[in-house]
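Here is a short briefing for a reader new to this structure. Please look over the sequence and the model before reading on.

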Amino acid sequence: MDGATFENLNLFLNFGLPLLLLMLAYFIGSMIERSHLRSIRKRESDYYGYPVVSFDTMPDDWKVSESTMVAGNIVVSLDYFKRVIAGLRSLVGGRIKTYEPLLERARREALLRMTESARGQGYDAIFNVRLETSRLANSRGDGNGTAGVEMLAFGTAVKFASRFARTL
Amino acid sequence: MRYVPKQPREGINVSDTHPLVEAGTLVVGLTAIFIAIVLALVFLIEVALYFIPAEKEAELFRDWLPDDLVTVSPGDERLYNTQRLVDRLAFHWAGAPYEFRVEIDDSEVANAMALPGGLIIVTQGLLDQVESENELAFVLGHELGHYKNRDHIRALGRGIVFSLFFTVAMGSDVAGLGLKVSDLALRGFSRKQESRADEFALAVVYTQYGHVNEAWRLFERWGDEGNSIRDLVAYLSTHPQAGDRVERLESLAIREGWPLQGRVTALQWQ
């Protein structure tokens, strides 16, 4: 092998390979993101009309026979490409736009899971819904852990005493 | 109160900037900033070179050693002989402002470096590969040439810039920045600086031995059979290609009328 081949090999290993991985991460990452959002939209339209509200006291006109706490949570991570972009962004500051869809997905997915859990147990509505996030996926002290987010949605699910109340 | 079901609205909490656009903006912008920093540093180094004479630099860095340097024992025969060879060669540079110190790094990769304050680092790998004193003298003369032109300070500046860049690119903490041999070794000089150092080295070798026989034989060997692949890659990454170099040195010697033949001095420790 001559010098030029070495140089090219060196160049490829130093720059080409990371770039290739970055591109791969971008394509796979955005594919996963798109399919997740599709699934979220579909399930949201399935649950269209199911009352999920954030009042901390139950509305007066709800006549309920049973209640329980329901929760839904999700831990979701970002692809390497977007993480690199976020890293670059954090050098100069400003909105980390590539993280926003992640938060949106996490929030809607957690709400959906909570709703699914309530529906599955035969409850008719949820009130006092709260959202919590933690940095579970990035809990290593040095900040080098996986960049992800955990979202927890919880609320009080109730069964209505009469069928009429369903239309309140 | 009536409950009116609604689908959640999209596009409020998510920017509609495409990630690739965001990436492009950031990469272009940050590259521009980086280039500006590099240019400013290059300028600052030239200013510093103008205002800090070599004597001052030698004094500042008198006892300096890089943190990660692993040296051989001070009693080593090769260290002693290499130091003596440097002293003899430096004798031909009248009024050299440096007191040259030689340290042997225990790396297996053949290389030599000129660090601030007259600290010349030679690797074990290089000492294993040189077969005569003339070969070693040329490599050492080459490093002396870098001091003569004060390339080592410029390389230091470049090293700082590169460390900064890699630190930022790797996302590690800027606080971890420090001068390491491993960094400096990878920061080459420009081609022009290299050939000027080569010219100086050849002149020094000629003055010392009265001929330039075997001065570039090390590079001939490397050019011929691509010796150990690792050594070649490492050396080529910081130094000119062996083939071009041999040709240039040969034509320089012929132009100057320096004899190509002469008695080769054996290494003291062989």
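The points below go through chain A, then the helices and loops of chain B.

This is a predicted model: local features need pLDDT of at least 70, side-chain atom pairs count only at pLDDT 80 or more, and totals for chains, interfaces and linings use all residues. Residues are numbered from 1 along each chain as its sequence is written, while chains are lettered from A and ligands numbered from 1 in the order in which they are written.

**Chain A overall**

- Chain A has three helices and three strands. Helices (H or I, at least four residues) and strands (E, at least two) are DSSP runs, numbered from the N terminus.
- Along the sequence, the elements of chain A run α-β-α-α-β-β.
- Chain A has 168 residues, and 21% of them count as buried. A residue is buried if 20 or more other C-beta atoms lie within 10 Å of its own, exposed if 12 or fewer, and partly exposed in between, with C-beta atoms placed from the backbone.
- Take the contacts in chain A between residues at least 6 apart in sequence: 82% join residues at least 24 apart. Two residues are in contact if their C-beta atoms, placed from the backbone, lie within 7 Å.

**Helix α3 of chain A**

- This helix covers residues 100-120, which is 21 residues. From first C-alpha to last, α3(A) reaches 30 Å, close to the 30 Å expected at 1.5 Å a residue. The expected span is 1.5 Å times one less than the number of residues.
- Buried residues of α3(A) include P101(A), L102(A), R105(A), E109(A), L112(A) and M114(A).

**Helix α1 of chain B**

- Helix α1 of chain B spans residues 19-51. Its 33 residues should span 48 Å at 1.5 Å a residue, and its end C-alpha atoms are 47 Å apart, which agrees.
- P19(B), E22(B) and L26(B) are buried in α1(B). Among what covers the buried residues of α1(B) is α2 (80-92) of chain A.

**Where α3 and α5 of chain B meet**

- The axes of α3(B) (residues 77-90) and α5(B) (residues 133-148) come within 10 Å and cross at roughly 60°. Axes are lines fitted to C-alpha atoms, for helices over the stretch in contact, and angles run from 0 to 180 degrees between N-to-C directions.
- The two helices, α3(B) and α5(B), are therefore oblique to each other. Angles under 35 degrees count as roughly parallel, over 145 as roughly antiparallel, 65 to 115 as roughly perpendicular and the rest as oblique.
- L85(B), V86(B), L89(B) and A90(B) of α3(B) meet residues of α5(B) including L136(B), L140(B) and L144(B).

**Loops of chain B**

- Y98(B) sits in the loop between α3 and β1 (101-105) of chain B. Y98(B) counts as buried, with 22 C-beta neighbours inside 10 Å.
- Y98(B) touches A54(B), A58(B), G118(B) and Y147(B), not counting residues up to four places away in sequence. The C-alpha atoms of Y98(B) and E55(B) are separated by 6.9 Å, though the two are 43 residues apart along the chain.
- Most residues other than glycine have a negative phi.
- R150(B) is not a glycine, yet has a positive phi of about 60°. R150(B) lies in the loop between α5 and α6 (151-170) of chain B and counts as partly exposed, with 18 C-beta neighbours inside 10 Å.
- E214(B) is not a glycine either, and has a positive phi of about 70°. E214(B) is in the loop between α8 (191-209) and α9 (217-225) of chain B and counts as buried, with 24 C-beta neighbours inside 10 Å.
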